[in-house]
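Hello,

Here is the structure we talked about. Please open it and follow along with the notes below.

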Amino acid sequence: MVGTGQDSGGLRSRILEATRQLLIEGRDPRLVSIARVCARAACTPPSLYHYFATKDELLSEVCDGVMREFMSGLQLQVRTITDPLEELAARGTAYLEWGLANPGEYRVLFDRPSWAIAGEQRQSDASNGLAELVDNVVRCRLAGKLSTDTDPFIQALALWGEVHGLTMLAIANPNIPPHVLHGALQASQAWQLGVSPRA
């Protein structure tokens, strides 16, 4: 069965790492071909297909691992913050900075509509962070720091859409200065949350 064979000589791991490196270098999943992965991993296409039936399956597994790293790093950035509103702002900043530092991987992680809707995720997909964001929004509401007029899931999705859009804009336009991006993020968060922008 594809994907369940023993990792002979570490080949499966090499294929995954080669794919990830090609994503980092190319910044675009469309540039990652089976031929290029095989050349980087020093294997043949039949050997690759022993573990991964399609290119999409290969990219998905790579991105599940990257997503786990992303979410772990993001949680690390906010875990000591006690104010839920400050946590929400810090979560957005950490998200943007990771996307800027990992443009190729970010494109694959989030440029797939079916991954964005929690109810449609495959069981094997790593968390996309939406549940954590909704929880953060709920805590802001309970603390009286966020409006309760809208469903918390809708609020979280709106916040995610804003930072995601800004991150994709920055990746597509790498010459935008970092201080401009962070200023835009703060202004966007302030508008969405109904608070004053941070100095």
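**The core and its aromatic rings**

The largest nonpolar core has 49 residues. Those with the most contacts inside it are I15, V37, L48, F70, Y95, L109 and F110. Helix 4 gives the most to this core, with 9 residues. Keep in mind that this is a predicted model. As background, nonpolar side chains in soluble globular proteins tend to be buried together.

Next, look at the rings. There are 3 aromatic pairs in the structure. One of them joins F70 and W98, and it is stacked. The centres are 4.3 Å apart, with 20 degrees between the planes. Planes under 30 degrees apart count as stacked, so this pair qualifies.

Where do F70 and W98 sit in the chain? F70 is in helix 4 (residues 55-78) and W98 is in helix 5 (residues 84-101). They are 28 residues apart, so the pair links distant parts of the chain.

Are F70 and W98 buried or exposed? F70 has a relative accessible area of 1%, and W98 has 18%. Buried means under 20%, so F70 is buried and W98 is buried too. F70 and W98 also belong to one aromatic cluster with Y95 and Y106.

Now turn to helix 5. Of its 18 residues, 13 are buried, so the helix is largely enclosed by the rest of the structure. At 1.5 Å a residue, helix 5 should span 26 Å, and its end C-alpha atoms are 26 Å apart. At its start, a side-chain oxygen of D83 reaches to within 2.8 Å of the backbone nitrogen of L85.

Best wishes

Note on methods
Residues numbered from 1 in each chain as written. Predicted model: local features only at pLDDT ≥ 70, side-chain atom pairs only at ≥ 80, totals over all residues. Heavy atoms only, no water. Phe/Tyr/Trp six-rings, centres within 6.5 Å; stacked < 30°, edge-to-face > 60°. Helix = DSSP H or I, 4+ residues; strand = E, 2+ residues; numbered from the N terminus. Buried < 20%, exposed > 50% of the residue type's maximum accessible area, 1.4 Å probe, protein only. Core = buried A, V, L, I, M, F, W, Y, C linked by side-chain atoms within 4.5 Å. Expected span 1.5 Å × (residues − 1). Polar contact = N/O pair within 3.5 Å; in protein donor to acceptor, adjacent residues only side chain to side chain.
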